[in-house]
Amino acid sequence: MLSLKRLEANLPRQGLGKPIYLYEKVTSTNDVAIEMAKKLSPHGTLVVADRQTEGRGRAGRKWLTLPGSALALSIILRPEYSLGNGLGEVTALGAIAVVEQITGLGAEASIKWPNDVLVRGRKVAGVLVEGSWVGGELDFIILGIGVNVHQASVPDDSQIDFPATCVDAEVGRESDRVDLLLGLVDSVGRWLPYLGEDPFLLKWDQHLAFRGQEVIVEQPSGEIVGKVLGIAAGGSLRLEGKNGEVRSVDFGAVRLRPVDIHSK
Ligand code: BT5
């Protein structure tokens, strides 16, 4: 189990992580954080669990958090602190934080637009951002991040539809989950003031996976095939079609996969 004592002694970082709530088991840290945010828990509230029984991915998909081996965390963000141009940028914020920490441990990580972190083409982390509006006004955003840390966190192939890995396997040694969590909170807090600004978009762009490669983007209106060019202002993905036409795909109910991976 993660040490609450160590976490409390080292938080907040960059204004995030106080209060912190650490659970042995929850349905989903995002669900717990949403309930707390509705009860007016402040900006920066951090919810962490050792295990999730109903961890959520996007569009009703599942996220598996196996006990003692992963990180599952959710941070409450409130709009009085600039939150950029919507959920897409907050999603990238979570992914950039993971990339920074993994890079700091010596492995190269990239962002599979819009919300996954990959190392050597395998998924090591996922980000789920959810917002709540009251009368058209943003009330709060929950930034949920799940990271596979130790080997036991990597689900069986039968449970996932994209190859997975964990931090330990990629950095070649056992990492410390508390250090990783503190580093993540620090990175999120450090980038938060720059959401939507050039340095942030540049960082996102620099770590984009599949640049120059053909990908398939699935959206409710159908599939688009194109070569990844980069991130556009606002956080949409720029793709080049077969005839050289360039189009932007907005963040939303989309999934991306390289054309040479046939899984869903
Ligand atoms: C995501 O969705 O990747 C977002 C995951 C967000 C998880 C965090 S944990 C803290 C917070 N609380 C929550 O309840 N959620 C957030 P998506 O891109 O839709 O990917 C989901 C897909 O990833 C699944 O359909 C599986 O194929 C795969 N998957 C599930 N668990 C995985 C794991 N531990 N490692 C790698 N892949 C996994």
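A: In this predicted model, D176 is partly exposed, because its relative accessibility is 32%. Its partner is R6: the two side chains meet in a salt bridge, 3.3 Å from N to O. R6 is partly exposed too, with a relative accessible area of 33%. The pair links distant parts of the chain. D176 sits in the loop between α4 (167–171) and α5 (177–191). R6 belongs to helix α1, residues 4–10.

Next, take R190 and E100. Their side chains form a salt bridge of 3.2 Å, N to O. R190 lies in helix α5 and E100 in helix α3 (residues 87–104), so this bridge ties together parts that are 90 residues apart in sequence. Here the partners fall into separate accessibility classes. R190 has a relative accessible area of 34%, so it is partly exposed. E100 has 17%, so it counts as buried; the cut-off for buried is under 20%.

This pair also belongs to a wider set. E100, D186, R190 and K203 are linked in a network of salt bridges.

R257 is in strand β12, while E223 is in strand β9 (residues 222–231). These two are 34 residues apart, and again the pair links distant parts of the chain. R257 is buried, because its relative accessibility is 16%. E223 is exposed, because its value is 52% and the exposed class starts over 50%.

These pairs come from a longer list. A search of the whole structure finds 18 salt bridges. Side chains of opposite charge can pair when their charged atoms come close.

Strand β12 leads on to another feature. The largest pocket has a volume of about 710 Å³. Its lining holds 41 residues, and the closest to the pocket centre are G57, R61, K62, W63 and K123. Strand β12 (255–258) is one of the elements that give two or more residues to this lining. The others are α2 (29–38), β3 (70–77), β6 (122–134) and β7 (137–148). By class, the lining has 16 nonpolar, 13 polar and twelve charged residues.

Definitions and conventions. Residues are numbered from 1 along each chain as its sequence is written. This is a predicted model: local features need pLDDT of at least 70, side-chain atom pairs count only at pLDDT 80 or more; totals for chains, interfaces and linings use all residues. Side-chain values use heavy atoms; hydrogens and water are left out. On a 1 Å grid over the protein atoms alone, a cavity is a set of points where a 1.4 Å probe fits but cannot get out, and a pocket is an open set with protein on both sides within 12 Å along at least five of seven lines; lining residues have an atom within 4 Å of a point. Grid points are joined across faces, edges and corners, and a volume is the space filled by probe spheres set on the points. Helices (H or I, at least four residues) and strands (E, at least two) are DSSP runs, numbered from the N terminus. Ala, Val, Leu, Ile, Met, Phe, Trp, Tyr, Cys and Pro count as nonpolar, Asp, Glu, Lys and Arg as charged, and the others, Gly among them, as polar. A salt bridge is a side-chain nitrogen of Lys or Arg within 4 Å of a carboxyl oxygen of Asp or Glu. Buried means under 20% relative accessible area, exposed over 50%, partly exposed in between (1.4 Å probe, protein chains only).
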